[in-house]
2 protein chains.
Amino acid sequence: MRTAEWNSSSSVLERAALILGAFQVQDRTLGVSELARRTGLAKSTVSRLTTELVRLQYLERHGQSLRLGLALFELGQLAATPKELRRRAIAFMADLRNATGQTIHLALLDGTEVVYIEILRGKGTPPLPSRVGGRLPAHATAVGKAMLAFSAPEVLDQVIAGGLPRVGPDTITDEAALRKALAEIAADGVAYERNESAPDSFCAASPVLDAGGALVAALSVSAKVGHLDVHRVAPAVRTAALALGRQLPRNSVLAEG
Amino acid sequence: MRTAEWNSSSSVLERAALILGAFQVQDRTLGVSELARRTGLAKSTVSRLTTELVRLQYLERHGQSLRLGLALFELGQLAATPKELRRRAIAFMADLRNATGQTIHLALLDGTEVVYIEILRGKGTPPLPSRVGGRLPAHATAVGKAMLAFSAPEVLDQVIAGGLPRVGPDTITDEAALRKALAEIAADGVAYERNESAPDSFCAASPVLDAGGALVAALSVSAKVGHLDVHRVAPAVRTAALALGRQLPRNSVLAEG
DNA sequence: TCATGCGTACCGCTGAATGGAACAGCTCGT
DNA sequence: ACGAGCTGTTCCATTCAGCGGTACGCATGA
């Protein structure tokens, strides 16, 4: 063994997950050597594991290039939390889109990041960088701030410990500013975001709490700056989020325990 | 995915895949003992593996109940073949829906089964049993027959070897009848299905071949019997499938190698 | 031609994974 | 109250599956 990165990965599963996790949005396909480089595993190990993953249809291979496989697609469609949330939220999201004409996001909080579960694009509003299954730091998005404002304090501590990386031109990178913003959001029930997740972004979000008051997710309306009337949109998002939450039983499909 | 082969499972990955694969549509959650029963693994093994899978976010746990986790959802969204196919097909599918008002399916062939990649539901047509990520025996569906008719003979042999299980009232369960039907489909470029995948189902499908003539997927229009004018729909599906195929480069996103 | 990239195969060593058994906690039915 | 039967977890000696350094075959392209 060489000096080895503090490769504390002991189990096979962890190595396999490392390999699968090495695939990013922009990677159409990866090769064995590239995977070995990204994961820090030996090339022979990657070769063996990928062979097995291909057999299980977790990966597909075409010549030398590997891509994520059908089995993952199928399992992904069965993942309970997103599936359930989607099913229950879709009508409210459609209403929101009808009412605003803009793009609607449904996201949940995972650690210090938000994960987008469903997106309904507004009719004349093409290219937002958000993607179903995509992640963004919570503190840089309206949905993220909406959820942070209704989370346990440790969650916020963790976010702050992460260093508040800058994502857009006006991302909040200061702890005090973030705490202040979250306090306002906790009072209002609505979070805003302007040029924080990307240039020209504008967004209003509201948290979705289940019948027991536990945080489950967040809904948002997004647009380019100037294309949105805040005073008309905020109550709409808020009421949609409240209505959705009222339909979620206590202890329902909570994302983070 | 029926990997219920008895004891050929040696690797950890295979055991883990067995566990993940044990989750079905109707299972909201499963427990350790139930998983052990379904997979044939020792309870202690399942307990250890699930603990690890939870750590990797491939599973979530709430109390004693386990469900498929967020990581799978995310990976599923990145799976290259479905993602690419969806992206390129979505406009043609929307056109088809506009033209027919009915539900449009996009599926690909995996072994002896079809897997639904995308579904656009018609406006007044609610409850079809199909599901994105869902599977059905190829010989019992229009999309399946459309693809079988343009596949290598070994694929058909495999399907026949599987015994042509009955799925709907009029599923083709006879080898000769299936071969005859496929020959017609190969000539026409369109496959039909009536009461074969479910009672009252009616469906017209056409294969999607890439620029090199290789089979990639299939498109279909589905409805309840009587709600569809065959002579108007068949050319529409056919042309949509041809148009989509023409946009797919040779050796593009083939599902099965 | 050699240099450098790729992916695969080999193989001795080792420690990670296995599964039976024992345990702890819960909800029944009586 | 009790035991039966279920749940999930922990322990531990055994062993074999996976590890990774090395070598190899095959494409590139300089």
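How far apart do the end C-alpha atoms of residues 10–70 of chain A lie? They lie 27 Å apart, and the span is 52% helix and 13% strand. Helices (H or I, at least four residues) and strands (E, at least two) are DSSP runs, numbered from the N terminus.

This is a predicted model: local features need pLDDT of at least 70, side-chain atom pairs count only at pLDDT 80 or more, and totals for chains, interfaces and linings use all residues. Residues are numbered from 1 along each chain as its sequence is written, while chains are lettered from A and ligands numbered from 1 in the order in which they are written.

**Domains of chain A**
- UniProt, in an unreviewed entry, places "domain: HTH iclR-type" at residues 10–70 of chain A. Such annotations may be inferred rather than shown by experiment.
- Chain A is divided into domain 1 (12–75) and domain 2 (79–246), with bounds from an automatic or database domain assignment.
- The C-alpha centres of these two domains of chain A lie 32 Å apart.

**Around DNA strand D**
- There are 22 residues around DNA strand D (C-beta atom, placed from the backbone, within 6 Å).
- Those that come nearest are A:Ala42, B:Ser11, B:Gly31, B:Ser33 and B:Ser44.
- Helix 1 (12–21) and helix 3 (43–55) of chain A each supply at least two residues of this surface, as do helix 2 (32–39) and helix 3 (43–55) of chain B.

**A hairpin in chain A**
- Strand 6 (residues 191–194) and strand 7 (residues 201–209) of chain A pair in the antiparallel sense over four bridges; pairing takes at least two DSSP bridges.
- A:Tyr192 stands opposite A:Ala204 in strand 7 of chain A.
- Six residues sit between the strands, and A:Asn195 takes a positive phi near 60° in this hairpin.
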